[in-house]
Amino acid sequence: MLPMLIALSAAFGLLIGSFLNVVIHRLPLGVSVAGGRSECPSCHHQIRAYDNVPVFSWLVLRGHCRDCHAPISARYPVVEGVTAVLWALVAAIATDTVDVVLGIVLVTALVPITLIDLDHRRIPNAITLPAAIVAIAAGAAIDPDGQVTRLIAGIAAAGFLFVPAFLRPDGMGLGDVKLAGVIGLCLGPAVAVAILVALVAGTVWGVVLGARVGVAEARKTQIPFGPYLAFGAVVALVAGQPLIDWYTGAF
Ligand SMILES: [Zn+2]
């Protein structure tokens, strides 16, 4: 896609990333994400509009509140920057409208899901459900021919993870099942690549951690599966279809 559109997509991603920071902090607390200006968690001063420019303000203030000088987590600009990069990535690699729209829906859901799952070990329905509805509606409107394939991919992916979630609910939850469904609805058959990458990444990290701190300790510190699925989804977004073509061509 044109460099101009990629840059525009990145700029929108920055703004959306700023909103996702609000979602990440308020949604798990049950606080409305709409309205109510953001405030400093330390001194509770409202953040001024000119101090709320994504990434830029954090850099200008060198990661400190303008009022009380309490440090502000680097997570805020990182979330904004990563969202911008993911939006730009979707614009750069998508070849048709449906891929752009579903790619944007997917990466926008993945960012808060990853951080909320890391923080609270759960994936809120308040993110997966709207993402699924928007993906189904947009898919049906823009690319009705591909809709059945995406629905099957979503159901199959959710079904595949339902068994381990049912057998070992401590390792995987229904949130992961629903997330896999959303990835299938957005990426179609490439969701298989996402799940495979997630399982491999989770296993590799488990082994590395086990070797460093011991198996018992590694079990306790093992991170939830959602972030692995999100990582797998981004890999599948970038390289999923080429990998599937290569695989089906090789056999
Ligand atoms: Zn402050």
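At 22% relative accessibility, Asp143 counts as partly exposed, a class that lies between buried (under 20% relative accessible area) and exposed (over 50%), computed with a 1.4 Å probe on protein chains only. Asp143 forms a salt bridge with Arg150, and their closest N and O atoms are 2.9 Å apart. The model is predicted: local features need pLDDT of at least 70, side-chain atom pairs count only at pLDDT 80 or more, and totals for chains, interfaces and linings use all residues. Residues are numbered from 1 along each chain as its sequence is written, and side-chain values use heavy atoms, with hydrogens and water left out.

**Salt bridges**

- The whole structure holds 5 salt bridges, a salt bridge being a side-chain nitrogen of Lys or Arg within 4 Å of a carboxyl oxygen of Asp or Glu.
- Side chains of opposite charge can pair when their charged atoms come close.
- In the pair of Arg150 and Asp143, Arg150 is buried, with a relative accessible area of 8%.
- Salt bridges with shared partners join Arg48, Asp51, Arg66 and Asp67 into one network.
- Asp67 is partly exposed at 28% relative accessibility, and Arg48 is partly exposed with a relative accessible area of 30%.
- Another salt bridge joins the side chains of Arg75 and Asp119 (2.9 Å, N to O).
- Arg75 lies in helix α3 and Asp119 in helix α4, so this pair ties together parts that are 44 residues apart in sequence.
- Arg75 is partly exposed, with a relative accessible area of 26%, and Asp119 is partly exposed, at 38%.

**Helix α5**

- Helices here are DSSP runs of H or I with at least four residues, and strands are runs of E with at least two, numbered from the N terminus.
- Helix α5 covers residues 125-142, which is 18 residues.
- From first C-alpha to last, α5 reaches 25 Å, close to the 26 Å expected at 1.5 Å a residue; the expected span is 1.5 Å times one less than the number of residues.
- Ile127, Thr128, Ala131, Ala132, Ala135, Ala138 and Gly139 are the buried residues of α5.
- These residues lie on the same side of α5 because they cover an arc of only 145 degrees around the axis, taken from the directions from the helix axis to the C-beta atoms.
- Leu129, Ile133 and Ala141, on the other side of α5, are exposed.
- The buried residues of α5 pack against α1 (3-26), α4 (97-120), α6 (147-167) and α7 (174-187), where contact means heavy atoms within 4.5 Å.

**A buried arginine**

- Arg26 is found in helix α1.
- Arg26 is buried yet has no salt bridge, and the nearest side chain of opposite charge, Glu39, is 7.9 Å away.
- Lys and Arg count as positive and Asp and Glu as negative, while His and the chain ends are not counted.
- Leaving aside residues up to four places away in sequence, Arg26 touches Val31, Ser32, Val33, Gly35, Gly36, Arg37 and Ser38.

**Positive phi**

- Most residues other than glycine have a negative phi.
- Arg62, which is not a glycine, has a positive phi of about 50 degrees.
- Arg62 is in the loop between α2 and α3 and is exposed, with a relative accessible area of 69%.
- Arg121 has a positive phi near 55 degrees.
- Arg121 is in the loop between α4 and α5 and counts as partly exposed at 49% relative accessibility.
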